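Please look over the structure below.

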Amino acid sequence: MTVTDDRFQKMQPLAGHVRHLAPRDLPPGPRWPALLQSIALVRFRHQFVPAMHKRYGDVFTVRIMPKGSALVLFTRPEHAKQIFAGDPEVFHAGKGNAILGPIMGEHSLLLQDSAEHKRARKLLMPAFNGAALRGYQSVVARLAAEEVDRWTPGVPFRSLDRMNALTLEVILRVVFGVTDEARLARLRPLVNSTVDISPAVLLGWGYPFLQRFGPWKATVDNQRRLDEVMYAEIAERRAAPDLGERTDVLSQLLRVEGEDGLSDAELRDQLVTLLLAGHETTATALAWSLHELGRHPDLRARARAAAASGDDDFLEAVLKEAMRLHPVIPMVVRHLMRPVTIGGVDLPAGANIGPSILISHARADNHRDPGAFRPERFLDGEVATNTWIPFGGGVRRCIGAGFSLMEGVAVLREVLCRFDVTLPAGATDFPRVRNITSVPRHGARIVVV
Ligand code: HEM
């Protein structure tokens with residue numbers, strides 16, 4: 001059995017960790033079969049979650065496959081505050097993220113809890129601190145300039161596709177440090193297929209026998225090929241004569257010595273996690289930013305002036321507002337190891353709970369005029385703590401938050417210094433569920449002039 005097969009056999013989304021909880025233990029929610037609720041949550045979350053909020057109020061329970069496990073969603077900032085500040089020994093995020101296990105692997109930072117999480121986070125952190133981020137800036141700016149050079153003025157295109165290509169390049173070079181063109185060419189389609197997992201594949205992971213068929217088999221096969229390339233790169237890099245001088249994240253991790261050093265399997269899992277968590281998420285936020293700027297000539301003029309004068313604050317506000325109005329990830333999940341009370345609601349051990357990013361960002365009592373695209377709200381101190389939570393929070397807050405903002409600002413600067421961004425006639429867009437993430441349904445089309 002290969003490493004990949006083993007991983008797919010071992011990981012069973014949520015099912016393995018969840019005691020079946022009686023409905024009376026938990027806040028109200030729909031009584032439909034778990035399969036229907038899972039499909040609604042995975043496929044139609046932008047309609048389903050707001051409808052449940054309207055129907056059941058600020059705290060509600062949905063039931064998800066494979067065993068009808070409960071997921072309790074919270075929607076108020078004081079709930080988010082309490083959840084993010086919760087004791088990590090009680091609020092396990094790794095178990096809450098178990099659905100990602102078959103792809104990311106058991107060592108993944110996203111999948112671990114307790115001492116293992118603390119150790120891995122400590123090892124990865126230096127590669128994402130302020131000094132490291134400043135070091136990556138010039139590579140990001142160069143890759144962005146090369147991408148923008150290829151754009152043809154006057155011809156409409158899907159900005160999501162171009163941003164995906166660009167952020168993949170950034171991750172492969174800055175995180176993985178791959179420069180060999182042949183290996184890059186092998187990696188690109190494998191990573192794209194890994195990200196491109198359908199909701200049906202996600203739901204089917206609870207049933208290992210499916211892995212012999214159709215899209216589930218294709219996922220396992222793709223994963224096996226990706227692993228081969230990753231392990232080859234890791235082996236070569238371990239022996240690289242210039243390992244000591246290299247600035248990419250893989251080389252930084254390989255330089256950790258002694259008992260803290262990471263095994264090949266651990267490195268593979270952390271790298272796949274960074275590749276998958278960091279690539280499409282940032283691309284989506286950038287695509288929405290460009291699309292919204294295209295729709296608002298006044299903001300566009302201000303953003304272009306900011307790019308020309310080096311005023312990064314306004315560009316960052318544009319990105320943050322795009323992440324607020326169009327959340328890339330809909331919720332954050334924690335698995336309770338002991339009973340807790342949140343916002344007056346008693347929750348038993350074994351429940352999966354979390355703040356809904358979708359609702360937190362859309363509540364009128366959290367954000368004035370929540371349907372409007374207003375980057376200024378991030379400049380005049382209007383956004384209160386725990387109302388803007390695209391990166392989650394607490395000890396599990398996204399480790400790449402600073403990276404994605406640095407990358408996003410660098411890319412917007414490069415685009416806006418070169419071009420004015422407008423929309424093709426009649427272009428509109430709205431979110432479509434991709435798998436864990438939501439993306440612009442029509443690819444956030446733009447025209448540059
Ligand atoms: C717009 C871009 C991004 C968004 C919206 C996003 C969102 C998130 C969210 C919601 C979480 C869960 C936080 C929690 O449980 O409280 C998370 C965790 C994580 N993200 Fe991101 N992310 C983005 C970019 C990135 C990038 C660029 C990287 C790395 C290169 C990255 C790597 C990770 C990792 C490793 C974790 C797990 C952290 C832990 O459990 O300790 N993300 N992200």
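What follows covers the strands, then the helices, then one glutamate.

**Strands**

This is a predicted model. Strand E12 spans residues 445–448 and pairs with strand E4 in the antiparallel sense. E12 is also joined to strand E9, again antiparallel. The table lists both pairings.

| Strand | Partner | Bridges |
|---|---|---|
| E4 (residues 157–158) | E12 (residues 445–448) | two |
| E9 (residues 421–422) | E12 | two |

Individual partners can be named.

**Helices**

Two packed helices are described by the angle between their axes and the distance between the axes. Helix H17 (residues 312–325) packs on helix H19 (residues 401–418) at about 115 degrees, and their axes lie 9 Å apart. H17 is therefore roughly perpendicular to H19, because angles of 65 to 115 degrees count as such. Their crossing is right-handed.

H17 brings Asp312, Leu315, Glu316, Val318, Leu319, Lys320 and Met323 to the contact. H19 meets them with Ser404, Leu405, Gly408, Val409, Leu412, Arg413 and Leu416. Of these contact residues, eight are nonpolar, two polar and four charged.

**Glutamate 233**

Is glutamate 233 buried or exposed? Its relative accessible area is 7%. The cut-off for buried is under 20%, so glutamate 233 counts as buried. This residue lies in helix H12 (residues 214–238). Leaving aside residues up to four places away in sequence, glutamate 233 touches Phe176, Val178, Arg183 and Leu250.

Conventions:
Residues numbered from 1 in each chain as written. Predicted model: local features only at pLDDT ≥ 70, side-chain atom pairs only at ≥ 80, totals over all residues. Heavy atoms only, no water. Helix = DSSP H or I, 4+ residues; strand = E, 2+ residues; numbered from the N terminus. Buried < 20%, exposed > 50% of the residue type's maximum accessible area, 1.4 Å probe, protein only. Contact = heavy atoms within 4.5 Å. Pairing = 2+ DSSP bridges. Axes fitted to C-alpha atoms, helices over the stretch in contact; angles between N-to-C directions. Parallel < 35°, antiparallel > 145°, perpendicular 65-115°, else oblique. Left-handed = near helix turned anticlockwise from the far one by under 90°. Nonpolar A, V, L, I, M, F, W, Y, C, P; charged D, E, K, R; others polar.
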